[in-house]
Amino acid sequence: MGRFGDYQNELYLQGLAGAVPPFTTDPGKLEDAARQVLDPKPFGYVAGGAGAGATVRANREAFDRWRIVPRMLTDATDRRLATTVLGTAMPAPLLLAPVGVQTIVHPDGELATARAAASLGVPMVLSTASSHSIEDVAAANGEGPRWFQLYWPHDPEVCASLLSRAKDAGYTVLVVTLDTWTLAWRPTDLDHAYLPFLNGEGMACALSDPVFRSRLDKAPEDDLPSAILRWLGMVNGADHGWNQLPALREHWDGPIVLKGIQHVDDARRAADAGMDGIVVSNHGGRQVDGAVGSLDVLPEIAAAVGDRLEVLFDSGVRTGADIVKALALGARAVLLGRPYVYGLAHGGEDGVRHVLRGLLADLDMTVGLSGNRAVTALHPGILRRS
Ligand SMILES: Cc1cc2nc3c(=O)[nH]c(=O)nc-3n(C[C@H](O)[C@H](O)[C@H](O)COP(=O)(O)O)c2cc1C
Ligand SMILES: O=C(O)C(=O)c1ccccc1
């Protein structure tokens, strides 16, 4: 087996010394494992979805409707999982999705995630709503590949300041999230009356920003509540328009990816606007309850724009087989959300690494045992709709 398969050997060999893995290797049990170690409020925040949870379920059901049809004797012993997307080389077509407020599950938060990602060469996407600053996460990430996700402030100078800090700190691709210009109805968090930002969590990028600070009457150290409300007013509650994308370009000379695309016409508009990529995503079912499963819209979108921009995918990815399915249906790479946060909750940096190494090993074996040699060559013909 290849490099990623080593983790399988490592775990089995531990058994000879009477040891077992730090926590489950079963993606289906990760959520429950995290429930055991987290308080109900942060657990609910991470695991929860919008409304009745219909789209959280739809994301999984969409994967279940596809099955892989394995081929034999294809000489898949040597596999190529590595790929390059928007100038970023990665060991497998996998990135860590932007997830805000990570200190609610572990004190090291995004710093631990950044270290684990860098140790494997897996790119991370840092959220604007992170609990550690752009610069501190970059330092923890070191030589690792990193992208920056923007919650797009309505104050253009604050926006420009965040982008120039991200650029200076070595983030190479900008991911602009479009589907969360206001938070959806999230009953779990509402029942807990829990919104972490109100405690000042997930505010590190803003509170460390000189231009944002210049907008405040009092320093955040003296009046945190006003700073929080000011920031929420800048990023929450009002949408932008397609006509504002050129303004973003003026402040970012690298690739730009639009995250949260679910309709083929929006994908075309992104391409028409000269965007470099999209993330086909419904935010892990956290925004529009009742929205279509993200994988259900991927084939149509990839067919329409896959030759014009990079099509990335997230929402519901849990296993190696899921990644194979998304790639076969037209994604160039996938983003992983909740599972790595559960790893973080369990064991900080080591916990994130355990989840990632497990997923990469599972992917490697699924690619090989289904008779495929290169992730870049996967196509719909390897699947059957069941
Ligand atoms: C706790 C949590 C916080 C998130 N924060 C952000 C964020 O700050 N920015 C963003 O673009 N997406 C955010 N997302 C969405 C993820 O980037 C991603 O789209 C989603 O988690 C993918 O679905 P999955 O969790 O089923 O893998 C968040 C998701 C979770 C679970
Ligand atoms: O919770 C989320 O899904 C999310 O995207 C978010 C939004 C604002 C701040 C932190 C996370």
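Predicted model: local features only at pLDDT ≥ 70, side-chain atom pairs only at ≥ 80, totals over all residues.
User: Is Arg186 buried or exposed?

Analyst: A residue is buried if 20 or more other C-beta atoms lie within 10 Å of its own, exposed if 12 or fewer, and partly exposed in between. Arg186 counts as buried because 20 other C-beta atoms lie within 10 Å, and Arg286 is buried because 24 do.

User: Where does Arg286 lie, and which residues does Arg286 touch?

Analyst: Helices (H or I, at least four residues) and strands (E, at least two) are DSSP runs, numbered from the N terminus. Arg286 lies in the loop between strand E9 (277-280) and helix H14 (294-305), and, not counting residues up to four places away in sequence, Arg286 touches Gly49, Ala50, Ala184 and Arg186.

User: Which residues does UniProt list for "binding site"?

Analyst: UniProt positions are given in the numbering used here, with feature names shortened, and annotations may be inferred rather than shown by experiment. The unreviewed entry lists Tyr45, Tyr151, Arg186, His283 and Arg286.

User: Which residues surround ligand 2, and how do they divide by class?

Analyst: A residue is near a molecule if its C-beta atom, placed from the backbone, lies within 6 Å of it. Ligand 2 is surrounded by Gly100, Val101, Ala129, Thr180, Gly202, His283 and Arg286. For classes, Ala, Val, Leu, Ile, Met, Phe, Trp, Tyr, Cys and Pro count as nonpolar, Asp, Glu, Lys and Arg as charged, and the others, Gly among them, as polar; the shell around ligand 2 has two nonpolar, four polar and one charged residues.

User: How many residues surround ligand 1?

Analyst: Ligand 1 is surrounded by 23 residues, the closest being Ala97, Gly100, Ser127, Gly284 and Gly337, and its shell divides into eight nonpolar, eleven polar and four charged residues.

User: Why does Met275 count as buried?

Analyst: Met275 counts as buried because it has 23 C-beta neighbours inside 10 Å. Leaving aside neighbours within four places in sequence, Met275 is in contact with Ile256, Val257, Leu258, Ala270 and Leu309.

Methods
Residues numbered from 1 in each chain as written. Chains lettered and ligands numbered in written order. Contact = placed C-beta atoms within 7 Å.
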